[in-house]
Each structure stands twice: as structure tokens, then as C-alpha cells.
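The following questions and answers concern a predicted model. Please consult the sequence and structure shown here while reading them.

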Amino acid sequence: MKTTLSWLKSHLVTEAPLSALVDRLTMLGHEVESMEDRAASLKGFVVARVVSAEPHPNADRLRVCRVDAGKGEVQVVCGAPNARTGMKGVFGPVGVTIPKTGTPLQESTIRGVASRGMLMSAAELALGEDHSGIIELPADAPVGASYASLVGLDDPVLDIKVTPNRADCLGVRGIARDLAAAGMGRLSPLDTTPIEGRFRSPIAIHIEDRKACPLFLGRHIRGLKNGPSPRWLREKLEAIGLRPISALVDITNFLTFDVNRPLHVFDAGKVTGDLTVRFARRGEKLLALNGREYELDPEITAIADDVGVQSLGGVIGGEPTACTETTTEVFVEAALFDPIRTAATGRRLEIISDARYRFERGVDPAFVGPGLEIATRLILELCGGEASEVVVAGAAPDWQREYLLRPERLAGLGGLHVPPAESRAILETLGCTISEAAAEHGGSLRVEPPSWRGDIEGEADLVEEVLRVKGYDEIPAVPLPRETVISRPAIDARRRRAELVRRTLASRGLTEAVTFSFISSRVAELFGGGKPELRLVNPISAELDAMRPSALPGLVEAARHNADRGFPDAALFELGPAYRDDTPEGQLTVAAGLRAGRLGPRDWRQPPGEPDLYDAKADALAALAAMGAPVDNIQTADDPPPWFHPGRAGALRLGPSLLAHFGELHPDVLDAFEVKGPVAAFEVFLDAVPLPRAGRGKPPLKLSVFQPVERDFAFIVDRDLPAETLLRAARSVDRKLVSEIRLFDVYEGKGLPDGKKSLAISVVLQPQEATLTDSEIDAFSKRLVVAVEKATGGTLRS
Amino acid sequence: MEDADRLRDEVLGEISRAETPDALEAIRVAALGRRGRLTELMRGLGALAPEARREAGAALNAVKDVIAAALAEAGDRLGRAARAAQLAGERADVTLPVQTGETGRIHPISQTVDEIVAIFGEMGFVVAEGPHIEEDFYNFTALNIPPEHPARQEHDTFYLPERPDGSRLVLRTHTSPVQIRTMLAQTPPIRIIVPGRTFRADHDATHSPMFHQVEGLVIDRTTHMGHLKGCLIEFCRAFFDVEDLPVRFRPSYFPFTEPSAEVDIGCSRKGGELKIGAGGDWLEILGSGMVHPQVLRNCGIDPAEYQGFAFGMGIERVAMLKYGIPDLRTFYDSDLRWLRYYGFLPLDIPSPVRGALAGSMAGGAA
């Protein structure tokens, strides 16, 4: 909402300086987003008379002018074709800053003739595009006067952010009223004296649906002449960014912004029969004032004459009945339209208008008549003619309501003690009607908000009004009392372990990324997603139209982007959501990561390897270990989902629950992303890991005093045998004696039969009762060999 | 006993001239070995009379001790020389570069969330979370934003397909629905903080279709606007680590709070550089207010009995301000150079007891 300082002062009698008004507005909840002082850039430019304009002795196109700017005559060389003796123009003396270039004007010599200033074009003053000639001012413009004040540009423009609840402040008067309540001046009276009608309006009005349009007032004005508005009106509209069109149109715009009273003016000569507010009929059309034609339907509130729809109530007028230069009679409409319907119509037809903006926020239901009177007075004043009696359909809705304000609520809710008399005074200046409540309410005030404050809906709003005007600065800040001396943990076990996963993965060299929750459907399908219920109806782009089934696609995309930028070695992870379905339970928390390119920098000690499935498995298991998952009980299976390499990926499970996928991504997936492989990736499903049972501590640690013994065994087994089969068999030989089994070598090739491999394990035996004897060790070794050979079908490698 | 003395002198001479451990060993064998000269002399003692044997034996033992000590000393000397000679040949190039096994980085959003949680945790708040795919009721209606409310259009909501019953799920446009879910599930007192992803169909230099917010909610019998101010002033000063940071509360409007306040912090923009602190200028950082009585009623809480405040702020925004990150969109670019530069070390865990909430930025070599 824009206004100028002088416009504001037309409603507010104040001595306060601009900066004080701006500060107070902001602290009243009307944030001043910008303050544009258009005069600032025009400082120093003054009205001057061209005393003489003679041809330049050395240049055909130049003139040597003697200019009087009130401080003696100055010689100026000018190239403008319209520079001539006796004219008045805008003079820039040496030293002023030229707005267009931002550089100071310097004394110069042009083709041998000295020039001490400039006669300015509109373009040079950054006031327009026109650089065909210098600005010509009226003959009565006073020489030496400031150009900015001459043309009304010395009036700062304020852009005020009006919150959606304060429809009343969508008019300058509403803002002035708030400032007056805050002690920044006095609200000037507004002349809304009814204008007596001279005749009966030939156009009658009707309302078909009182909900869509509770009240419709109208008035016929004849014998008028439409033309350009006077300067004061044009300047006001231009200052807030509106284009003046004609007096009739400008008056409606003026009332919209001045008193928040949108109006419409029909060219009565183009209206056939009466005007009726009714729902549009299917198939009806309207060519609107914005030049576009709209197809209407029965949800839309229309104003129609005998021919058809002529205007969309509260949204936009129609071209066929629009006022033009030749209009001589009008019908002025002042009505109330239902906010919800107005909003719906505007949204469906995608029409944004000042009227819609106001009606959908709610205009003052008691100001329809007064608004019409102001409009009538202005039309008669600016266009002449005579006005009919006011015709009325419907009635103003019942807006009166009353709330109790208990004095103790100011302190109890607002945190500030305000004496009841002061609360009362503030509310009264805001337009509320106040009376003492009955004795049983102990000093409470009965407050009836004014008609323009539909946003006040209860006691909390009244508290806000008082605090707002008092100033939030007055409220003493109080520390939030502590409930316990030492605060309880802010995060629960679930979130705590997620944080451990995050920082564990980062410790392992993976860098955390945050990628969008939505990806393209095409990619979602590659990762087992793309369900119709997870597709956005209104995505910002087709590439971001599906909720991601996995966090991996975003990371693969990120790896690609980094490679494109010349950084192909990416180790990334993300801890975030994956969406299985549209229920709250379908939103999983996952930790996904990948390693692409080389595993590390090139180094003289150890050349970096390429990532493979075992890197991914290690990352996944590290994440699971960080969460406290029972890592020793996790089973690895070779059944990865289809976006992984079918032979070089797997799944980690705990009983029936899937904890993670890991492995190298499928080459088809890499092709789809145009990423160079291999890419080792994992995805851990955090919610699938059981939470530790509360309150269960660890058993006491028992350290053996006897030396542990380590023995190595190598077995020749079939190449396809899963190592886990061998390890499981070895582990089960003597769970009490064996403290650790480690697979330390896998060998295939020379020295072994085809289709075979050698797996070597080291077994640590930890006796608890006595040092192991050689024969005990031998006995254990035999049992282990038998058990492993039996389980694997392999043989001990000698 | 001239023999013994001469032997001693000779052997000590040899020892002092020995240059290698092998030569020394040969001297030891020649003197003290089974057929060594001293051993032979010892053996000869048996032929002497007891008186003379005792005397001669003592003298020989003394000689033996002297030789043994000299051998040990020479052994040490030669050992040290040998070790020194060996080490002299073992010189590595200590200037060769090494790999420090650099860790990854924590994303600034995660770090900022942890910082915010650490501060509010101190004030007794606990973290709550909720779904991103949300019902219209939780995201709007229960928050006092009925279907035709103008505030809805400002939310640029993402919609999911219409369901058979005509309803449409939305991507939550703010973290506020978690307020509703919490109030419906718990009885006051409530103090929660809700960090999380939020979504709006808007994409330009200062808007991302996905961003993060943190929501706070306090509900009890006595919390008023003064507490709101106290709590948020504490937060702003702790978060930005500026003790005298000016914090300003300005009336505003949110459908779900009444009274409502926008919160600004002090800053200076001198020389085009933004600095947080007392500087005569203001920067808006969060929205807040007392929970609207209608919202309490919508959650089955009696506004005559309970009241409290709520607030919300953009996590990227405060992270940008605190860490001088210029562009919102870069948060989701996953550019490794950016992540290394603005990201945090994994062990840099925000905690109020450690002083500054975030130790130092990892920054440095990319």
C-alpha cells in the first residue's frame, strides 16, 4: 500500500516529522518497506527562463543560450531543437548531480564557447525516456523555484506493508486513523454530507443473492463531461504508481486508495435496462477492462443488465459499459461483495485487481453510503452534471458485536499492566464504543469494535490493540521460568541416534548434502517410486514432480553436478526423508550415501582405489553400529533392489526387517544420470533398527587373566560359497572359547583348482579358567576344521 | 701375582682398542672363555697352598671383575656407535606430504538446527517432529486459516492429487502443523521446538521450493508476551553470540497468533556489509505471537485455562546471517567446494556449555 506524505497529511493533522511517522507506523504493525524521496535526486534543479537563444558560432545544431535562473544570467550551450528565446525550462547549475548518469555537472567549453550549466531533458533527469528536447515549463512557472516542488515530486512516497487482517489500512485514511490513535496527530474530518438527488435514477437495481452481495447502492449522474483529471488527482495517482486515465476512472481509483472504498462507474448510456447482481450463467462471457475475455459460470457474482453481464462484482468492470472521453451520463455502483466469493472468482479467473484485493479482505460495511457521497461530490466537482437520488438494494449486514475486556488480561496475556482508563482511551481513539460492564464482571470494559475493524474478534484482539498502540517496547521481557534446574534432554533416543549416524558418516569422510524431497517421476520410477498419490499436482517444474522414494537419486544427481564442474571424486551422504506412501508412517528417515570417482586423493604412499560394494557395506554397517544396532547379528543377503548392480550389491537384515541396501549402482541407473561408474552407494533405514530397551545396562566386564591364543586356518572352498557360511560355521564351534574370528585373506587363481577359492581366517581363543595346553588347542583346531569342512564342503588348505 | 696384573693390563689395552662387537667378543673369549687366559690362571689355583690360594684367588677375581666391567663398558660404547652409524643411514624426507584422512563435513542446515536445539533445550524445550505430507486440517484449518482465507494464497501450497473423498493432501507450508499435532496428543504444559523441511511453490533468488523452518510452542497457564520477549531475546543473543544484540518486537499478523509480533535484530549495513549487532538498522528474523484462542480450542485446549506463545523462523535465513552465506539456493546445490567451505567438522557439536555454539568453521582447503 503506497501513499505520499501529503496524501497522508490530508487525513492527519500533524506536526510530526516524517521519520517519526515512519517509525511509529512500523511499531504500530504497518511496516514501512520503503520510503522514496523522489525530490532527492532532483535537488538543485530549478526553473529558468531562456533570455536569449542564439546560433552557436561554430556548430549548426547548437545554440548559445543566456539563462536566468534567479541568480543572474548564465551562458549555456544547448543542443536541444526546442531551445528558444523566452521559453521556461529546467536548469541544472554547475555542481549538481545529473540523475541519469550520477555524475556532477561540470563547466565546459563546447566548440570554443563556454557552457556553465545545462537545460535538462526528461531523460537526463531520469523522469522518462524523452530525450528529444529539453523540458518545457508553463510560462507562469516562477524562475528560481525548485523544479521538484513545482511538479509535486517533493512529496516522499511511503510503501507500507499492510497485514492481511487490516483491510481498513488499505486506504490512506485507515493509516491516518491508526497514527492518530497512537498520538501522532489528529484525524481530519471527512465530508460525507449526502448530496441531494435531483431526479429519480432511470436505472433500478436488484440483488438476487443477498449472501453474495448484501448491499448495493447506486446513483445516476447525467450531463457530465469526462476529461483528464486535475493535476492534484493525477499527481496523487502517479505517485503511487497508477496511470491517470480520465476523471471518472481516476475518481474510482482515488476512493479505493483514499478511503478503501472500491466503486464502479458504468457509462449509463451503454447500460440497457436495470442492473441486477446475480450469478453468471454458464456460457456467458465478459470482455473485461483489462482487455481479456472471460468465460463465466454460476459460481461467479456478476452485475448484469438486460443484455448480459457487464461487470464482475468486486473484481473487475466490463469493457462494453466502460466510461470513455465521450461519456455524458454514468451509473455509480457502491456495493458490498462477499469476501469468499470474490476471492474464489478472482482466483479462478486469475484476475488480480485492487477491488478484489480489498473485497476479499473485507471492506467497511458501514461506509458504502458515505463512499458513494464522496464519489458523487467529486464527480460533480470535476465533471459537472447532476446526480439522481440514491437507489438501494439489500442492506448492510449486521456488523455490530461486543467483547468483554478484563483489565487483568493486559498483564496476564500481554505481560504489561495498563490502567483500564488508558486501555479505554486507546480503544476509543481506534473507533471502539465502550461502556462499563455489569458489576459482576468487576471493572471489565464492554467494547464494540468499529465497523471497519472486522478483524477484532475477541478479547485477545483487544489486548493486541492496546499493546500495539502502547508499543510492544513497553512490555518488560521476562525470562521463561525453568521447569527443572538442569534441563531435560531436548532430543529423544530416535533423534539422538540419527545425529550419531550423521556425525559418524561425516567422520568417515562423507560430506553431508541436503537435496530436495521431490525429484522427477522418471527418476522416482527408477528407484521404485513414482506412485500416483506421491506426484505433485502443481510442481514448480516437471523435474521436481514426485516425492522421492529414496534419498539416493538426489545424491547421484549431486555427484553428476560435481563431476560436471570438474570434481568427479564425490563422497556424499544425506540424512533425510524417503516417501513410501502419503501417510505419516510412509515417511521414512533414511541415511543414504555414495562414493564416486576415486576413493581419495592421489598419493605417493598408496594409490587411491575405485569405490566398490565393500566400501558401501562398510559405510552402512558403520552407520548401523553408530545407532547401536546389534551388528553381529545382522545377516547379509545378495538380493538388492533393481537400482543396484544385481551381482555386486546386497541387503542387510535383522531377522525379517530390512536395515539397509548397499552395493554398486546399476549401470542402467548410472546411464540415466549420465554418471561414470562405479558408484558405491548405501541406504540405511533408521526406523527399522530396534531402539534399545530402556533401563537395561551392560553386564559387568570380566577380563581374563590368561593369555589369548591366535591360530590361522585356510580352507579351499567353491568359488560361489558365501564367506558368511564359513564364518558362521567357525563361530559356532565354541562360542565361549572363541573371542574373535577375522577373515583375512581371499585368494583365487594359481595353485588352486578351477572354480575354487581359498578363505583364510584367524581365530582368537580366550581361555577363562586356565592357560590353554597344546593338546586343548589341537583338539579345538580339529573340531573347527571338521565343522567348517562339513558346512562348506571345502577342505583345509595344507 | 705379576701374571695377573700383566694379564689385566694387556686385556684392558686390547679392550680399549677393540673397534667392533666381534673383536670385543674375541677378547672376552680369549680372556674369560673356557680356555681363556684368566680361566687358565684360575684353574692353576688348585695347586697352591690354602693360604696362598685364597690370596691369589681374591686377586684373580678382582682382575676378572675389572675386565668384565671394561667389556661391558666397551660393549655399550660400541653398541651406541653402531646404533648411531645405523641411524645415520636411515634418513627419510620429512617434508613429503601426508594424507590426514580428512573427514567429511556437516551441512550448515544440520549444524544450525543443532545450535538452535541446543539453545532452546537449555530453556526446557524438547524436539518434536511431524510429517511433510500433511492434511489440510493440520496445515491450515486448525491454525485458523479457513479455506478462503487470504493468507492461504500467500502460502504457495504444493498439492498432492485429490483423493476419492475429495480432500487433498499438501506438502506442509510451515512447521506449524506440528503445533497442532502436539497439542492434540499432549496435555499442557508443553514446550516444543520443531525443526524440519517445509515446502512452497516458489522459486527465485530468495525462495527455494524446499526450505527449513523451526517452530516453537509454549503452552501453560501463565506464559505471556513478556515471556515471549524474554525467551526470544535470550535465543537471539545466544545464537548470534552478541551479548548486547538489540532485539525489537513489532506488531504483525498471523492467523494463528493474537497478539502477533515480528522480531527484528539489530544490524549495521555500513559500507554495504551486513553486520549483526547494535548498528542502528534492523533485520527481520522471526515471527511470533500468543497462540490464538481459536487454535487452542481447535486442539481441545480451553483458552480460559491455558495460554502460551509460538514462533517460527527460517533456518537457512538465520544460517545465512550467522555464517555470511550469500545465496539461499546454494544450500541445496551439493557443490563439494561449498560444502567443504561452509560445512562443519563432525566433532564440532553445538553445546551451550562449550561457549560459542559452533566452534569454528571448518573452511579452508577444498
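A crossing of two helices is left-handed if the near helix is turned anticlockwise from the far one by less than a right angle, and right-handed if clockwise.

Q: What is the handedness of the crossing of α13(A) and α16(A)?
A: In this predicted model, helix α13 of chain A spans residues 493–507 and helix α16 of chain A spans residues 613–626. Their axes come within 8 Å of each other. By handedness, the crossing of α13(A) and α16(A) is right-handed.

Q: How are α13(A) and α16(A) oriented to each other?
A: The two axes cross at roughly 140 degrees. Only angles over 145 degrees count as roughly antiparallel, and 65 to 115 as roughly perpendicular. The helices α13(A) and α16(A) are therefore oblique.

Q: How many residues of the contact of α13(A) with α16(A) are nonpolar?
A: From α13(A), the residues A:Leu500, A:Val501, A:Thr504 and A:Leu505 take part, meeting A:Asp619, A:Ala622, A:Ala623 and A:Ala626 of α16(A). By class, one residue of this contact is polar, one is charged and the nonpolar ones number six.

Q: How many nonpolar residues has the side of chain A that touches chain B?
A: In chain A, 77 residues are in contact with 65 residues of chain B. Elements that each supply at least two residues to this side of chain A include α13, α2 (18–27) and β31 (570–579). The side of chain A comprises 17 charged, 20 polar and, as the nonpolar count, 40 residues.

Q: What distance separates the centres of domain 1 and domain 2 of chain B?
A: The domain assignment of chain B places domain 1 at 2–88 and domain 2 at 108–354. Taken over C-alpha atoms, their centres are separated by 89 Å.

Terms used: Residues numbered from 1 in each chain as written. Chains lettered and ligands numbered in written order. Predicted model: local features only at pLDDT ≥ 70, side-chain atom pairs only at ≥ 80, totals over all residues. Axes fitted to C-alpha atoms, helices over the stretch in contact; angles between N-to-C directions. Helix = DSSP H or I, 4+ residues; strand = E, 2+ residues; numbered from the N terminus. Parallel < 35°, antiparallel > 145°, perpendicular 65-115°, else oblique. Contact = placed C-beta atoms within 7 Å. Nonpolar A, V, L, I, M, F, W, Y, C, P; charged D, E, K, R; others polar. Domains from an automatic or database assignment.
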